[in-house]
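This report goes through a single protein chain, from its overall make-up to a few local features. The structure is shown next.

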Amino acid sequence: DPAAKARAEQREARYHSLYRPKFNQTQLGYDIYNCPSTPPENYPMAWTTVEVLRNWMPHDVTTIAPANRQIYQGLCVFDYTTQYDAAL
């Protein structure tokens, strides 16, 4: 569906303008934007609290500098309009 693909591209561009996942599809073992119907082994990827806090600057609540916009994203992202059943 071309419209769904266009929405997915817009969503990803908007998301990446704000934050970048710290780990890519190869490192995670799955694509967070195109998860299979059966969750892959080790899904969702998890990190220790210490790992996440090392990347977090709680003392600076202003706009995040582009160099520090990496986030620990391990959960799949679903398009409600086209992937409702898969998300359930």
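Helices (H or I, at least four residues) and strands (E, at least two) are taken as DSSP runs and numbered from the N terminus. On that basis the protein has four helices and two strands, in the order α-β-α-α-β-α from the N terminus on.

The model is predicted: local features need pLDDT of at least 70, side-chain atom pairs count only at pLDDT 80 or more, and totals for chains, interfaces and linings use all residues. Residues are numbered from 1 along each chain as its sequence is written, and side-chain values use heavy atoms, with hydrogens and water left out.

**Confidence and overall figures**

The predictor's confidence in each residue is given as pLDDT, from 0 to 100. The average for the protein is 79, and 85% of the residues score at least 70.

Accessible areas come from the Shrake-Rupley method with a 1.4 Å probe, and for residues only the protein chains shown count as cover. The accessible surface of the protein is about 6,800 Å², and carbon and sulfur atoms hold 56% of that surface. A residue is called buried under 20% relative accessible area, exposed over 50%, and partly exposed in between (1.4 Å probe, protein chains only). Of the 88 residues, 17% are buried.

A contact means heavy atoms within 4.5 Å. Among contacts between residues at least 6 apart in sequence, 68% join residues at least 24 apart.

In soluble globular proteins, nonpolar side chains tend to be buried together. A nonpolar core is here a set of buried Ala, Val, Leu, Ile, Met, Phe, Trp, Tyr and Cys residues joined through side-chain atoms within 4.5 Å. The largest one has six residues: Leu28, Tyr30, Ile32, Tyr33, Cys35 and Cys76. Leaving aside residues up to four places away in sequence, Cys76 touches Tyr30, Ile32, Cys35 and Tyr43.

Leu88 is in the segment after helix H4 (80–87) and counts as exposed because its relative accessibility is 73%.

**Backbone in the loop between H2 and H3**

Most residues other than glycine have a negative phi, and most peptide bonds are trans. Asn42, which is not a glycine, has a positive phi of about 65°. Asn42 lies in the loop between H2 and H3 and is exposed, at 61% relative accessibility. Pro44 lies in the loop between H2 and helix H3 (49–54), and the peptide bond joining Tyr43 and Pro44 is cis, with omega about -10°.

**Pairs apart in sequence**

| Pair | Apart in sequence | C-alpha to C-alpha |
|---|---|---|
| Asn42 and Tyr30 | twelve residues | 9.8 Å |
| Glu51 and Tyr72 | 21 residues | 9.3 Å |
| Tyr19 and Gln70 | 51 residues | 5.7 Å |

Glu51 is in helix H3 and is partly exposed, with a relative accessible area of 31%. Tyr19 is in the loop between helix H1 (2–18) and E1; Tyr19 is partly exposed, at 33%.
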